[in-house]
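Hi,

Here is the structure I said I would pass on. Have a look at it first, and then read on for what turned up.

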Amino acid sequence: MVQFRFRVSSLAAIAALGLLGPSCSNSSSSGGGGGASGAGGNGASATVTGSVDVSIPTASTLESEPNDAIDQAQFLDALTAGERIQVFGNTAGGSDVFDAFFLISLDRMKITPEIQLDRGSPADTELKIYDPIAGQFVESIPLDGTSDASFHTKGPFYAVLESSLLNGSNYVLTLNPTEAEEIIPEKLAENGMPGTGQYLGELQVDEGVRISGELSSNTDMDRFVVVIPANASIATSASFEASSDHNIDIDVHDVTRDLFDPVLMEQFQSAAATNEGGTLGVNQLTALEIVVKWSPPPEAPDEADLREGPDIDNRNPVGEFQLPPGPASISYELGISASAGANARLAGRQPLGRQLAPVENEQRVIRSTSQAFGQPVAEAMPGYVVVKPKASQEETSQFLESRGFEVQQLGGLGALRVKYSMDPGLDLDGRRRLVEVVRATIHASPTVDWAEPEYIYRTTKIPNDPIANEQWHMDAILGPEAWDITIGAEHVIVAVIDTGIEDHPDIRDRLFEGYDFVDDIEMALDGDGVDDDPTDSTLDLHGLHVAGTVGATSNNGEGVVGVMWQGRIMPLRVFGMFFFPDGSWAGSGALNSWVANGILYAAGKQSSADAPPSEAADVINMSLGGGGQSQTIREAVIAANAAGVTVIAAAGNDGSNIPSYPAATEGVISVSATSRENTLAVYSNYHDTVDIAAPGGDYTVDTAVWSTYGRYVGADNTFEWGYATNQGTSMASPHVAGVAGLIKAAYPGALPHEVESILTSTATDLGDKGKDEMFGHGLVNTFLAVKTALGESGNPILRVERRVIELAPHQSSASLGIFNDGDGLLLVDEPIVGVESGGNWLNVSTIASQQPDDPTDKRAILIDVDRDGLEPGVYRAFLTLRTNGGTAKMQIHMMVEAPVSMGGDVDLYIAAVNQATGETVDRSKVNPEEGLDYRLSRLPTGTYRFYAGSDDDGDGHIGGAGDRFFGEHEGTVEVAGNAALDLDITVSAERASRQAVSLALAE
């Protein structure tokens, strides 16, 4: 974790950070009396002075995009009390609905968020807490400073920032975790309506929480949401002052399915009690709502007589009647605890009530399950988690196995697959919750770098029937014009990571060393696991259709034509058939570990295969995708790119601006789909991660893409080959992969970034001028791509070092390399700079080539920033570079960090400890409101250690578990009589390397 520290050593700096009040002085105070004895000497006292420096540990990070869905949420860290987390980001308005961050709180903590904006006010922004077990937003935290902007939590949760600003804003979001309050106060008047319960996070077995609350009237309710583990019992107990005219009842609801219309599980009520409560069991991981409510006295009318008005809630009817007078308020203390063992008899209880009618201006906005943010949600395979060890695989395996998990090696991925058992009777919702909890639990373990589900990826085609007899899509990409230049080369290999292959005469002679990476025998359906037979055992034929577009045998008088007439196809099967624990069919799909192994194999790297192929592929096509952003696949893509392999994937068929993975993964060329009319296909995803477009067909306006296909007949599923049309980004992606193969035929030494540069710089611009989220750089142009690759265009090819330049708070400058990957001289115009906000803080200049005739024509752009006068936040600018070898548009992100505060009036003690005796010989006390300079004037000659810190728990020691700040001067210090020393000591909120130091003086 990167930590940015702030050292305060002068009054001017203290005042700048807001640590001094209006009347600050430079005085210091000393504690204790004289007469301290040291380690010998002549009795003269030395003086030691200095200042206490404040160091607040803050983990700062820049918001990554996209992160507006559950499965794309940016993981920040495991929370530690006293260690702030700060995110610099931007909400882009209507197209960027959420910024989602995933966190884990290992201990129960109080989290206080703060927001700073450069546009609008904090009232325009809300922080929502999304619980993965409830599967919905469970609390909304206003950031406008008008109410208690804090919440208590434990376990995994998502902090989701939502802004109502139409044009968005730069922001700095700070999360301040502190130790939980011993008794958590109820948020008065904020948790009385359905969907507004006060969130408490997870309860583990043998754990409890206490809440101090108040019912302000006889119609008030207080609601608390807590997550209970599977096969556990929950006990509630509310103690309050007894009275003849009032009582408290407790209702327990299951809110896992709907926070606004929860299922009533149990009611604890009695005629009169001073300690109302009870126990019930849950057999699944469940989010519960505990409702504390006022109860009428025994002599009140019965429930039926009260229903004179609208039936708002038959759990606590309120209508047009007068309840007996109750107390002005009832103060109570509520205890909630969990223990092992569930009460199965409660399963299947029907709801006894329905949703409360909304009360105007009182109900906060909480999204229900049907409004879950960032749809669609990624699918995950129950029972499996992929883990990246932090140290050795052996150490991590031992740690996980000691906790009852089964651990499997994942070939050359450097990762492990953790397998865990689950109750076959769990429903779909229960399995989804269990996957999330196991992943989060493993993620938080000390030997694990990261953990993620085994995401399921589906083919991105849309099922259809053949309706056309012409390959219009080859004309659309100018294939015939390109084939006059090249039809490919035998040395080129394109890997098709998909469902596998079948024996088709238009493909048969093109195949090269395929492999099957489905490692589960039951899912494989072919009687074994990983092997060298890539036959399509799912009977899907999706991979066959994709392979035909890449390179069906062409110019042979029958069938279809592929983009590459020459070259080889490496079929890699990563799709299996899924079955739920109860044996029911769950469809076909690919797990991220299978896909990652396929990528590594294609790149000639170690994988789960017995051996790598004799030749690595030049290009990888993946016509598959889903919502899960897999680290496993990302690392495999990095390895493939480093090995010189170009990776291409379909952008997805959700018809939304939600990115699909692996297409949106860095290092992958993402392909959207067009129709015959060169419009975006109705099903195609669109997002700023899209790089290029290609024909995918659109049955709503025209026909689709023709390619190799077939069907299965008879009881033994005999394959009959043929041809058919399909539509989807699955059909678009192999067009680009085939063109990439032709580029490699014309320019064998082209590296992945060069292939991408040729593809994007020669694409036919569609839609908005320049790169856009629908078509990327435009429709792939085979003719210009091949011509450029051969160098016949006579133009150089522009390549920039990176597309996003990020300047952390401590960086004031950066450089960007410019390279010519083609022939001739690269002529660079003056950069065009557009600053989004903050004024004139950016200066850009170029360094010309030292040798004008140098074919590499290396150049650089120098970027300087000036933060003076800027408010905290992220400032963005755009840099456009126009050359005779293409145009590149880059983003510049600059962070300005918020000032750090100790958080109020804190007494800091400085102690001089005799090295020989371990006794505190002298001490001093300072306070930021008075000054941080200290003075110790009674130190006899000797060797000392100097410590500083706060005594928050009042035990007479600094550095203890209950103390927030602690630090020490490095090493020992020799003190001689009549000497004057100046020593600065830095204190921080870090917990490491502490020791309890007594403040009691030696006698």
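Which side chain does the side chain of serine 51 make a polar contact with? The partner is aspartate 984, and the side chains of the two residues meet at 3.1 Å. Serine 51 sits in strand β2, which covers residues 46–55. With a relative accessibility of 4%, serine 51 counts as buried. Before you read anything into distances like this, keep in mind that the model is predicted.

Now for the overall picture. The protein has 1003 residues, and 57% of them are buried. You will find 13 helices and 55 strands in the protein. If you take the contacts with a separation of 6 or more, 76% of them are between residues 24 or more positions apart. The accessible surface comes to about 38900 Å², with 47% of that belonging to carbon and sulfur atoms.

The helix I would look at is α11, residues 729–746. Its 18 residues span 26 Å from the first C-alpha to the last, close to the 26 Å expected at 1.5 Å a residue. Is α11 enclosed or open? Helix α11 is largely enclosed by the rest of the structure, because 18 of its 18 residues are buried.

The largest one has 56 residues, and the residues with the most contacts inside it are Ile648, Ile692, Val736, Val739, Ile743, Leu759 and Val780. Helix α11 gives the most to this core, with 10 residues.

Valine 755 is another one to find, in helix α12 (residues 752–761). Its relative accessibility is 0%, so valine 755 counts as buried. Not counting residues up to four places away in sequence, valine 755 touches Thr646, Ala740, Ile743, Lys744 and Ala750. Valine 755 and valine 619 are 136 residues apart in sequence, and their C-alpha atoms are 9.8 Å apart in space.

Finally, the aromatics. How many aromatic pairs are there? The count comes to 16. In one of them, the rings of tyrosine 515 and tyrosine 601 have centres 5.1 Å apart and planes at 40°, so the pair is tilted. This pair links distant parts of the chain, since tyrosine 515 is in strand β27 (residues 515–516) and tyrosine 601 is in helix α9 (residues 592–602), 86 residues apart. Both partners are buried: tyrosine 515 has 7% relative accessibility, and tyrosine 601 has 3%.

Tyrosine 712 and phenylalanine 719 make up another tilted pair, with ring centres 5.6 Å apart and planes at 55°. Tyrosine 712 counts as buried at 19% relative accessibility, and phenylalanine 719 is buried at 18%. The cut-off for buried is under 20%. Elsewhere, Phe75, Phe98, Phe102, Tyr130, Phe137 and Tyr158 form one aromatic cluster.

That is what I have for now.

Cheers

Definitions and conventions. Residues are numbered from 1 along each chain as its sequence is written. This is a predicted model: local features need pLDDT of at least 70, side-chain atom pairs count only at pLDDT 80 or more; totals for chains, interfaces and linings use all residues. Side-chain values use heavy atoms; hydrogens and water are left out. Helices (H or I, at least four residues) and strands (E, at least two) are DSSP runs, numbered from the N terminus. Buried means under 20% relative accessible area, exposed over 50%, partly exposed in between (1.4 Å probe, protein chains only). Contact means heavy atoms within 4.5 Å. Accessible areas come from the Shrake-Rupley method with a 1.4 Å probe; for residues, only the protein chains shown count as cover. The expected span of a helix is 1.5 Å times one less than its number of residues. A polar contact is a pair of N or O atoms within 3.5 Å; within protein, one must be able to donate a hydrogen and the other to accept it, and residues adjacent in sequence count only if both atoms are side-chain atoms. A nonpolar core is a set of buried Ala, Val, Leu, Ile, Met, Phe, Trp, Tyr and Cys residues joined through side-chain atoms within 4.5 Å. Rings of Phe, Tyr and Trp (its six-membered ring) pair if their centres lie within 6.5 Å; planes under 30 degrees apart count as stacked, over 60 as edge-to-face and the rest as tilted.
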